[in-house]
Amino acid sequence: MTHRVSLFVTCIVDQLFPNVGMAMAEVLERAGCEVDFPEAQTCCGQPAFNSGFRREAREVARHFLSVFSKAEYVVVPFGSCTSMITHHFEDIFQKDAASLEAARDLKPRVWEFSNFLLEVLGVEDVGAELHEVVTYHDSCHALRELRIKEGPRRLLRHVRGLELREMDIPEECCGFGGTFSVKFDELSGAMARTKIDSVMRTGASTVVSIDSSCLMQLRGALARADLPIRTMHLAEVLANR
């Protein structure tokens with residue numbers, strides 16, 4: 001059975017990490033999905049929601065619901081955006097019955113990328129190969145709101161040539177937190193440095209996560225420390241052959 005998948009690539013992927021979106025599409029197509037990209041998509045509304053601008057968040061979220069209302073599945077390369085759609089759309093539309101109904105109707109069709117591979121497609125081995133030592137960073141929204149932890153690790157363990165080494169603090173925040181990193185830059189930077197110290201103790205050459213925002217934060221910290229460690233989204237690892 002072929003699944004029709006609509007990609008929601010998120011603002012950061014669209015503007016800064018387009019390779020993540022292309023890698024996700026490649027992996028899904030390899031797994032037998034029919035993939036499309038609705039060009040009218042913009043944002044899920046999370047930045048406005050997290051900053052307290054709920055009216056603006058509702059406006060953006062309504063557009064999202066309109067764009068993806070007919071999708072069979074919506075697959076997202078971010079835990080945080082997936083959480084916004086599946087958890088917080090219901091919060092912001094409590095006084096808007098029509099939008100609340102639309103959000104509840106779409107919710108079971110919205111999936112974070114790794115969860116979709118495992119839970120919908122039933123795929124653990126996508127034929128990837130990467131001869132590197134990697135460590136995995138648990139992003140906060142994916143871990144705490146979506147309860148995603150073992151799934152990405154299961155997928156990584158099926159990558160040929162890859163050695164997965166755990167950090168001693170894999171679940172500790174990287175310090176990004178969206179606007180948190182701007183408003184509290186010194187605290188954010190200190191949290192990132194703590195995380196990088198943990199990465200270094202693993203001896204890994206690559207840090208992997210399912211949230212590009214976390215990887216952007218870690219990449220900046222690694223660059224400032226002049227460390228030869230790179231970051232990769234899980235989709236990029238799984239697309240590698």
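Author: A crossing is left-handed if the near helix is turned anticlockwise from the far one by less than a right angle, and right-handed if clockwise. Helices (H or I, at least four residues) and strands (E, at least two) are DSSP runs, numbered from the N terminus. The model is predicted: local features need pLDDT of at least 70, side-chain atom pairs count only at pLDDT 80 or more, and totals for chains, interfaces and linings use all residues. Residues are numbered from 1 along each chain as its sequence is written, and side-chain values use heavy atoms, leaving out hydrogens and water.

Reader: At what angle do the axes of helix 4 and helix 6 cross?

Author: Axes are lines fitted to C-alpha atoms, for helices over the stretch in contact, and angles run from 0 to 180 degrees between N-to-C directions. Helix 4 spans residues 54-68 and helix 6 spans residues 97-106. Their axes come within 10 Å and cross at roughly 50 degrees.

Reader: Is helix 4 parallel, perpendicular or oblique to helix 6?

Author: Under 35 degrees counts as roughly parallel, over 145 as roughly antiparallel, 65 to 115 as roughly perpendicular, and the rest as oblique. The angle is roughly 50 degrees. Helix 4 is therefore, relative to helix 6, oblique.

Reader: Is the crossing of helix 4 and helix 6 left-handed or right-handed?

Author: Take the rule stated at the start. By that rule, the crossing of helix 4 and helix 6 is left-handed.

Reader: Which residues of helix 6 make the contact with helix 4?

Author: Contact means heavy atoms within 4.5 Å. Helix 4 supplies Arg62, Phe64, Leu65 and Phe68. By class (Ala, Val, Leu, Ile, Met, Phe, Trp, Tyr, Cys and Pro nonpolar; Asp, Glu, Lys and Arg charged; the others, Gly among them, polar), the contact has six nonpolar, one polar and one charged residues. From helix 6 come Ser99, Ala102, Ala103 and Leu106.

Reader: How many charged residues are in the contact of helix 4 with helix 5?

Author: Helix 4 and helix 5 (residues 79-92) pack at about 120 degrees, axes 10 Å apart, so they are oblique to each other. Arg54, Ala57, Arg58, Ala61, Phe64 and Leu65 in helix 4 meet Ile85, Phe89, Asp91 and Ile92 in helix 5. Seven residues of this contact are nonpolar and no polar ones occur; the charged ones number three.

Reader: How many aromatic pairs are there, and what is the geometry of Phe8 and Phe64?

Author: Rings of Phe, Tyr and Trp (its six-membered ring) pair if their centres lie within 6.5 Å; planes under 30 degrees apart count as stacked, over 60 as edge-to-face and the rest as tilted. The count comes to six aromatic pairs. The rings of Phe8 and Phe64 have centres 4.9 Å apart and planes at 85 degrees, so the pair is edge-to-face.

Reader: How many residues apart are Phe8 and Phe64?

Author: The pair links distant parts of the chain. Phe8 lies in the loop between strand 1 and helix 1 (11-15), and Phe64 lies in helix 4. The separation is 56 residues.

Reader: Which residue stands opposite Val5 in strand 2?

Author: Strand 1 (residues 4-7) runs parallel to strand 2, joined by three bridges. Opposite Val5 stands Val35.

Reader: Which residue stands opposite Thr135 in strand 7?

Author: Another open sheet of four strands has the order 6-5-7-8, with parallel pairing. Three bridges join strand 5 (residues 133-136) to strand 7 (residues 206-209). Opposite Thr135 stands Val207.

Terms used. Pairing = 2+ DSSP bridges.
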